Amino acid sequence: MKATSLAALSIGAVVLVLAFPQAQTADAVRAFTGARVFDGTDRAPIENATILVRGGRIVDVGPAGSVTVPPGAVRQALSGKTVMPGLVNAHGHVGNTQGLQQGHYSAKNVDRDLRTYAAYGVTSVFSLGDDQAAGIAARDAQSVPTLDRARLFVAGPVLAPKTPAEARQLVAEDQAMKVDIVKIRVDDNLGTTPKMAPEVYRAVIDEAHKRGLRVAVHLFYLADAKAVLDAGADFIAHSIRDKDVDADVIATLKRRNVCVCPTLTREVSTFVYESTPPWFSDPLFLKHADPTTVAELKEPARQQAMHDSTSAQRYKVALEQASRNLKALSDAGVKIAMGTDTGPPARFQGYFELMELELMNKAGLSPRQVLTAATRDAASCQRLSDVGTLDKGKWADFVALDADPLADVSNVRKIDSVWIAGNRVAR
Ligand SMILES: [Zn+2]
């Protein structure tokens, strides 16, 4: 134990205040005691649990009587709290946005965004596009016991090749950049832009698979979902939003074990600022929202323009379609990965993930289904093996809540504290 901690021990109650902000060393041990633990698996929650953490990873978790806390461990009481795994956002974006402007990618903005996500309990983010070197560097620096911001995984640029040859070249560049996944869009933006041709996305997927990379596809239409699945797509990055999913697409998703990422709050963001949304007066939102952005979104002229926008009104309908399809896919046993498409302007990181869980619940999923999609399944869908549940060997990324989210999913808003690698996140 470090000298500061020993000094703090002598003055009793101050110990946690002084000891916890310190960076963890590789062998530092922390014991989180007294909480009810929902570990993100199908197991029943553990009452009065102890979570033992060494070097940022969980080394033991179980009922207090079954976990031996070694002498010298720093203790953190979480009595009365419910602990759950940190949320995993399978589709976000980082680093690009400044107010309502996009295209300001910087290491500083990446770090800012990862801290904002973490403040709301989102402890891992899979960024599906527009990632640059600073994002790769952030990812490569995060497997340390001192981490105290959200973990980041990246797709690199969203590939938009025009020919199969260019497709293969861009995938090679993605691999050289060491991305975690390849991202493409197969969409015409409600009929306003040309859609990537089948021979081009087939070349992207084929080349990615040859190089051991997976491909995430942005799409809107059921027919495109079927076509990209036939071509080998590995991850569906948005809801199917033009019509009801059918038995054919459900069977293919299940057979190929491809996950669907609903991004319901993405649709919300396209029309909701036609008026002032109720959460603009929520202190939890205002704590981290940029005040200038909020003020701009309240401007009457801007709200009127959104109200008059054809695409805004079509995406409003698309949200209802997406919600119905989420319920149908979940009922059919398709794996759902919670994701939001936050990060672009007016898609507020962290807060929108909490809203996403509520919208998934409103679509008909149970709190347990929603929470599983937002932890264990989002992680496994994105092949993240070190996060998503509170099992031995995983990073100690978790949220302590003042109320049980399995009873009411909105309780994810009642955040007591957020911990990443066992370090308390500033919020
Ligand atoms: Zn996106």
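I count as donors the N, O and S atoms within 2.8 Å of the metal (3.2 Å for Na, K and Ca); water is not among the atoms, so sites may look incomplete. Before going further, I note that this is a predicted model, where local features need pLDDT of at least 70 and side-chain atom pairs count only at pLDDT 80 or more, while totals for chains, interfaces and linings use all residues. Residues are numbered from 1 along each chain as its sequence is written, and side-chain values use heavy atoms, with hydrogens and water left out.

Metal site. I looked up what holds the zinc ion and found His-91 (NE2), His-93 (NE2) and Asp-341 (OD), at 2.0 to 2.1 Å. Along the chain these donors are spaced as H-x1-H-x247-D. Next I checked burial (buried is under 20% relative accessible area, exposed over 50%, partly exposed in between, with a 1.4 Å probe and protein chains only). His-91 is buried, at a relative accessible area of 0%. His-93 is buried too, at 6%.

Sheet. I use DSSP runs for strands (E, at least two residues) and helices (H or I, at least four), numbered from the N terminus. Two strands pair if DSSP finds at least two bridges between them. I found an open sheet of three strands in the order β6-β9-β10, paired in parallel. Its edge strands are β6 (87–92) and β10 (151–154), each pairing on one side only. β6 and β9 (residues 122–127) are joined by four bridges, and Val-88 has Ser-124 in β9 as its bridge partner.

Cavities. On a 1 Å grid over the protein atoms alone, a cavity is a set of points where a 1.4 Å probe fits but cannot get out, and lining residues have an atom within 4 Å of a point. Points are joined across faces, edges and corners, and a volume is the space filled by probe spheres set on them. How many cavities of 30 Å³ or more are there? I get two.

Methods:
On a 1 Å grid over the protein atoms alone, a cavity is a set of points where a 1.4 Å probe fits but cannot get out, and a pocket is an open set with protein on both sides within 12 Å along at least five of seven lines; lining residues have an atom within 4 Å of a point.
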